[in-house]
Amino acid sequence: MKLRFARRVVPLVAAVAALTAVPAASATQSNPAKPPGVHQQFAVGPQYDSTHVYVAPGTEQAFVASWTSTFGGTTIGPVSTQVTPTPSRTLSELVVSPVGTLSVFDYTTPIPYPFGTERTGWLVTDLDQAVRAARADGAAVTVAPFADPIGRDAVVQFPGGINAQLYVHTTPPSYPAPASVPENRLYLSPDAVGAFLDSYVAFTRGRIVSDDRKADGAALGLPGTTYRLIRLTSGFGSTTVAVTDGHLPHPFGRELTGYGVTDLGATLERAKAAGASVLWGPVHAGGRDSAMVQFPGGYIAEIHTGR
């Protein structure tokens, strides 16, 4: 994968308003883990499902520069705005990179609860219908729908405490598909995983790709042990679920997303040259080489090659 994206900075609201509309994706699912609900497919495409990155105050520019130096990409922003239903202020920047989309927040005020606990922002075809469907599928609506400067949002929580923000834009966005689809990385207990899968698979209209009950613990910094690793796919992208006893070494469980690259060594060298730190690895386990990297501002990411 050749990363030849140029970084550009334009005002967020104006840039999003200028983007052209795209039709909703109609991902074809097969062999669902649970028969899908009666509701429609709400996903639009993985390029519209951004990881929410909350950086330490004053580090937004350093983070974005490090990320784009490592992976390439284009940016929209930063712009100072309010993205919560109660008063707050943040520098907000969108990063569209070959390995996935990020929404970056650098708050200049205290962050209103429960914002900062959501992992992702998912573009949906209809916000109100998606919120109703999430409830019907066993999720809780933790932030009721509200207006932001460019659309509307809500936050839902799946069983196990997994939070996701749902959103629509007044002017539908148009972003290029990523070269590799990032994976939402979740850590759950054996007690929570069953209810989570029932709710998550039903809402996302997804399916289980694999369920390995003896996955190599070296991938989680625990060589010589095993854990349960579940991989899912849906119109919202890829998800991995690590089912563990919670005895995890740092930084495992602190990452939100895993990113696939073609050359892990070269990517890690670019990351280090751009101010990031390698916290773990690289290690080979479960058919992939992976490492844990912390970028300026505190964001931790898993980076891997292989399946």
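Author: Let's open with a term: a polar contact is a pair of N or O atoms within 3.5 Å; within protein, one must be able to donate a hydrogen and the other to accept it, and residues adjacent in sequence count only if both atoms are side-chain atoms. In our structure, the side chain of Thr70 reaches the backbone oxygen of Ser66 at 2.8 Å. Before we go on, this is a predicted model, where local features need pLDDT of at least 70 and side-chain atom pairs count only at pLDDT 80 or more, while totals for chains, interfaces and linings use all residues. Residues are numbered from 1 along each chain as its sequence is written, and side-chain values use heavy atoms, with hydrogens and water left out.

Reader: Okay! In which helix is Thr70 found? And is Thr70 buried or exposed?

Author: Helices (H or I, at least four residues) and strands (E, at least two) are DSSP runs, numbered from the N terminus. Thr70 belongs to helix H2, residues 60–71. As for burial, buried means under 20% relative accessible area, exposed over 50%, and partly exposed in between (1.4 Å probe, protein chains only). Thr70 has a relative accessible area of 0%, so it's buried.

Reader: Now the sheet. What is the order of its strands?

Author: Strands of a sheet pair through backbone hydrogen bonds, either parallel or antiparallel. The working rule is that two strands pair if DSSP finds at least two bridges between them. Here you have an open sheet of 8 strands with mixed pairing, and the order is S2-S3-S4-S1-S5-S8-S7-S6. At the edges stand S2 (74–81) and S6 (140–148); each has a single partner strand, so one side of each has no neighbour in the sheet. From one strand to the next, the twist averages 20°.

Reader: How many bridges join S7 to S8?

Author: S7 (residues 151–158) and S8 (residues 162–169) run antiparallel and are joined by 8 bridges. To find your place along them, look for Ala154, which stands opposite Leu166 in S8.

Reader: Which strands do helices H3 and H4 touch?

Author: Contact means heavy atoms within 4.5 Å. For directions, axes are lines fitted to C-alpha atoms, for helices over the stretch in contact, and angles run from 0 to 180 degrees between N-to-C directions. H3 (residues 127–136) packs on the sheet against S6, S7 and S8, with its direction about 10° from that of S7. H4 (residues 190–204) packs on the sheet too, touching S5 (120–123), S7 and S8, and its direction makes about 150° with that of S7.

Reader: Which residues touch the most other members in the largest nonpolar core?

Author: In soluble globular proteins, nonpolar side chains tend to be buried together. A nonpolar core is a set of buried Ala, Val, Leu, Ile, Met, Phe, Trp, Tyr and Cys residues joined through side-chain atoms within 4.5 Å. The largest one here has 32 residues, and those touching the most other members are Trp122, Val124, Phe158, Leu166, Phe196, Phe203 and Val241. Elements giving two or more residues to this core include H3, S7, S8 and H4. H4 supplies the largest share, 7 residues. Leaving out residues up to four places away in sequence, Phe196 touches Phe158, Pro159, Ile162, Leu186, Leu188 and Val241. There's also a second, separate core of 22 residues, with Val53, Val64, Val104 and Tyr299 among them.

Reader: How many salt bridges does the structure hold?

Author: Side chains of opposite charge can pair when their charged atoms come close. A salt bridge is a side-chain nitrogen of Lys or Arg within 4 Å of a carboxyl oxygen of Asp or Glu. The structure holds 9 of them. Take Glu183: Arg185 forms a salt bridge with Glu183, with the closest N and O atoms 3.1 Å apart. Arg288 meets Glu183 in another, at 3.0 Å from N to O. That pair links distant parts of the chain, 105 residues apart, with Arg288 in S15 (residues 288–294) and Glu183 in S9. Both Arg288 and Glu183 are buried. Glu183, Arg185, Arg231, Glu255, Arg288 and Glu302 are linked in a network of salt bridges.

Reader: Last one: where are the cis peptide bonds?

Author: Most residues other than glycine have a negative phi, and most peptide bonds are trans. Here, the bond from Tyr113 to Pro114 is cis, with omega near 5°, and Pro114 lies in the loop between S4 (100–107) and S5. The bond from His250 to Pro251 is cis, with omega near 5°. Arg205, in the loop between H4 and S10, has a positive phi, near 60°.
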